[in-house]
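Thanks for coming, everyone. Please take a look at the model on the screen, and then I will walk you through a few places in it.

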Amino acid sequence: MSSDILDNQGRGDASWQWPAIHPEGRKFGAIAGVLALGVWVLFGPWFGWPLAVLTLCVLAFFRDPLRVTPQDERAIVAPADGLVTLIQKVPPPRELTVDDGSGMPPLSDAPLTRVSIFMSVFDVHINRAPIGGTVRRVIYIPGKFVNADLDKASEENERQHILIERGDGQQVCFTQIAGLVARRIVPFVKPGDIIAAGQRIGLIRFGSRVDVYLPAGTEPKVLMGQRIVAGETVLGEIGAAPMIEGVCQ
């Protein structure tokens, strides 16, 4: 019976609801709204309407919909909404392959499969943890703001690396990369935090990219050109048999 159906909040019948606006975006929405109201009063609706629409667009950019994360310890879920634009074998970020003095051993520089996710200004920009575990490293690197869809953005753009370690020692790292429009990477976590898979870990304002480095031996379960959903789409399964032969070639 429908009364027995529970959604992910235990409220009974599952139904669609308007997504919340993340607190990080409320101040921008308020600024745009006040500006739109002022222009409307001073110069009339012909000038006020465009700014009113802009206010709605700003609020939509910071929308924070609920997500249901797969309850599978092997799953590596997408940290970002967007389009898969690159799948290739590359060394992990060099900043994570050197000793930072924290006592944590650095990553090996052996190539890993990197899945690049491009977020347009129309995508949800809340980033989520690909696995549950302990945040071991958060490294911010200033840089340029070239098109995030280009391969060189991984090395040249402003970016932030996050390394998460599971209880069994398995590690997954990913990189938030600013783009042409994005000018601020906002972290919600710090080293030592214990997080769950699918938990909100940060956002990038406005339009950007996220690179995920799958652990050695993990084959991707997504394809080039596929649209994916943060916290829900499974990028790969740790310890699972390959699903797509040669997809990284």
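**A pocket, a strand and a marked serine**

Start with the second largest pocket: its volume is about 220 Å³. A pocket here is an open set of points on a 1 Å grid over the protein atoms alone, where a 1.4 Å probe fits, with protein on both sides within 12 Å along at least five of seven lines. The volume is the space filled by probe spheres set on those points, which are joined across faces, edges and corners.

A word on the basis. This is a predicted model, where local features need pLDDT of at least 70 and side-chain atom pairs count only at pLDDT 80 or more, while totals for chains, interfaces and linings use all residues. Residues are numbered from 1 along each chain as its sequence is written, and side-chain values use heavy atoms, with hydrogens and water left out.

Back to the pocket. Its lining has 15 residues, and L107, S108, L112, Q171 and A216 lie nearest the centre. Lining means having an atom within 4 Å of a point. What classes make up the lining? Twelve residues are nonpolar, three are polar and none is charged. Nonpolar covers Ala, Val, Leu, Ile, Met, Phe, Trp, Tyr, Cys and Pro; charged covers Asp, Glu, Lys and Arg; the others, Gly among them, are polar.

Which strand gives the largest share of that lining? Strand β9, residues 171–178, with three residues. Strands are DSSP runs of E, at least two residues, numbered from the N terminus.

Stay with β9. Eight of its eight residues are buried. Buried means under 20% relative accessible area, exposed means over 50%, and partly exposed is in between, with a 1.4 Å probe and protein chains only. Both faces are covered: Q171, C173, T175 and I177 on one side, V172, F174, Q176 and A178 on the other.

Now its neighbours. β9 pairs with β8, residues 159–165, in the antiparallel sense over seven bridges. Pairing needs at least two DSSP bridges between the strands. L163 stands opposite C173. Five residues sit between the strands of this hairpin, and G169 takes a positive phi near 95°.

β9 also pairs with β13, again antiparallel, over six bridges. There, F174 has V212 as its bridge partner.

β13 brings us to S208, which lies in that strand, residues 208–214. S208 counts as buried because its relative accessible area is 0%. The UniProt record, an unreviewed entry, gives "active site" at S208. The UniProt record also places "modified residue: Pyruvic acid (Ser)" there. Such annotations may be inferred rather than shown by experiment.

Last stop, the aromatics. The structure holds one aromatic pair. W40 and W49 form it, 5.3 Å centre to centre, with 55° between the planes, and it is tilted. Rings of Phe, Tyr and Trp (its six-membered ring) pair if their centres lie within 6.5 Å; planes under 30 degrees apart are stacked, over 60 edge-to-face, the rest tilted. W40 is partly exposed at 34% relative accessible area. W49 is exposed at 53%.

Methods: Helices (H or I, at least four residues) and strands (E, at least two) are DSSP runs, numbered from the N terminus.
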